[in-house]
Amino acid sequence: LGMKTVREGNLDLKLNFNSNDEIGELAIGFNEMTAKIKQNIIEIKEVENEKRSLEIKALYSQMSPHFVRNILNSIRWMAELSGSEGISSAILALSDMLEYNFRNKETLTTVRDEVNYLSKYVFMQQIRYQNRFKVCYAIDENILDYKILKLIFQPIVENSIVHGILPKKGISTITIKGYVSENRLIFCIIDDGLGIKPLTLSNILNPDTSESNSEHRIALSNIEKRIKLNFGPTYGITIESTLGKGTIVYVALPIIRGDENESTNC
């Protein structure tokens, strides 16, 4: 019975035989054996975890901001020497974006840093799409040092560009607003693009529905999920859209001032 229990994975079993005969000796040997096996498994797991940690650290060091920025700066100077100032500016923007991503592993960042990161992304997209759109910022200066989730604006703006603006003729505008309302931090990403079909709009935050464009649906639903996991069900994304006129994405977040040490779940 004891051997069967061990075979099933229970190494905490102890045989209790107080006799001094061969049965008692076997029980002592059995208990010592299971204890040794259990200890070996613990040590193996610790070694494997340490190896995995070292491998991750090694990989991270290979792609560290210092390493990446050095490479990009070398390319940037080559571009400047050849008179390619546009390429140089694009490389600098990419370098800053990568540095922002690598800078730390904190979940929260400041509104100031998030908007600055977004501006680098917008600059590169304007180069790519030959200034098919312009971006206006209307962020209340009083909230610039408030804390928000990192990397939530860029996917929303990307969706506005790809699905709202690029299919439309002419020059379009994206406006990013940020302000406090009813003890909440509210951000609005407004575009004057094509808008979203009603059926798609009603399901857009649910990635499991068939009526979807999977990439932009997943991006928005992931942001929605991150917000709710970190701050609760009363915060998240709301979308309003009118075909032919444009879309507004509202992002509601709690107010976390820069001197507050707010913990999150992710």
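The exercises below, each with a worked solution, concern the predicted model of a single chain.

The model is predicted, so local features are taken only where pLDDT is at least 70 and side-chain atom pairs only at pLDDT 80 or more, whereas totals for chains, interfaces and linings use all residues. Residues are numbered from 1 along each chain as its sequence is written, and side-chain values use heavy atoms, with hydrogens and water left out.

**Exercise 1. Determine where in the chain the confidence is lowest and where it is highest.**

Begin with the average: pLDDT, the predictor's confidence in each residue on a scale from 0 to 100, has a mean of 78 over the chain, and 70% of the residues score at least 70. Confidence is lowest in helix α1 (residues 2–7), with a mean of 58, and highest in strand β5 (residues 184–191), at 97. Then turn to residues 262–266, where the pLDDT is below 50, although this stretch has 10 contacts in the model beyond near neighbours in sequence; a contact here means heavy atoms within 4.5 Å. Where pLDDT is low, the predicted coordinates should not be read in detail.

**Exercise 2. Describe the composition of the chain and identify what share of its residues is buried.**

The secondary structure comprises eight helices and seven strands. With a 1.4 Å probe and protein chains only, a residue is buried under 20% relative accessible area, exposed over 50% and partly exposed in between; by this rule 37% of the 266 residues count as buried. As for the contacts with a separation of 6 or more, 66% of them join residues 24 or more positions apart.

**Exercise 3. Find the residues that touch the most other members of the largest nonpolar core.**

A nonpolar core is a set of buried Ala, Val, Leu, Ile, Met, Phe, Trp, Tyr and Cys residues joined through side-chain atoms within 4.5 Å. The largest one has 43 residues, and V111 and V251 touch the most other members. Its largest share, six residues, is contributed by helix α5 (residues 111–128). Setting aside neighbours within four places in sequence, the contacts of V251 include I152, I156, L185, F187, I227 and I237.

Helix α5 also holds V115, which is buried at a relative accessible area of 14%. Beyond four places in sequence, V115 is in contact with Y137, I139 and F153.

**Exercise 4. Trace the side-chain polar contacts of T247 and T110.**

Take T247 to begin with: it is placed in strand β7 (residues 246–253) and is buried, with a relative accessible area of 7%. Its side chain makes a polar contact with the side chain of S241 at 2.8 Å. Such a contact is a pair of N or O atoms within 3.5 Å, of which, within protein, one must be able to donate a hydrogen and the other to accept it, while residues adjacent in sequence count only if both atoms are side-chain atoms. Further partners of T247 beyond four places in sequence include I189, D191, I196 and E240.

Now take T110, which belongs to strand β1 (residues 108–110) and counts as buried at 16% relative accessibility. The side chain of T110 reaches the backbone nitrogen of D113 at 3.1 Å, and its contacts beyond four places in sequence are L144, D145, Y146, K147 and I148.

**Exercise 5. Classify the aromatic pair formed by F231 and Y235.**

Rings of Phe, Tyr and Trp (its six-membered ring) pair if their centres lie within 6.5 Å, and planes under 30 degrees apart count as stacked, over 60 as edge-to-face and the rest as tilted. The structure holds two such pairs. For F231 and Y235 the centres are 6.4 Å apart and the planes stand at 80°, so the pair is edge-to-face. Both partners are covered: F231 is buried at 15%, and Y235 is buried at 18%.

**Exercise 6. Locate E182 and state whether it is buried or exposed.**

E182 sits in the loop between β4 (172–181) and β5, and is exposed, with a relative accessible area of 74%. Its phi is positive, about 50°, although E182 is not a glycine.

Key:
Helices (H or I, at least four residues) and strands (E, at least two) are DSSP runs, numbered from the N terminus.
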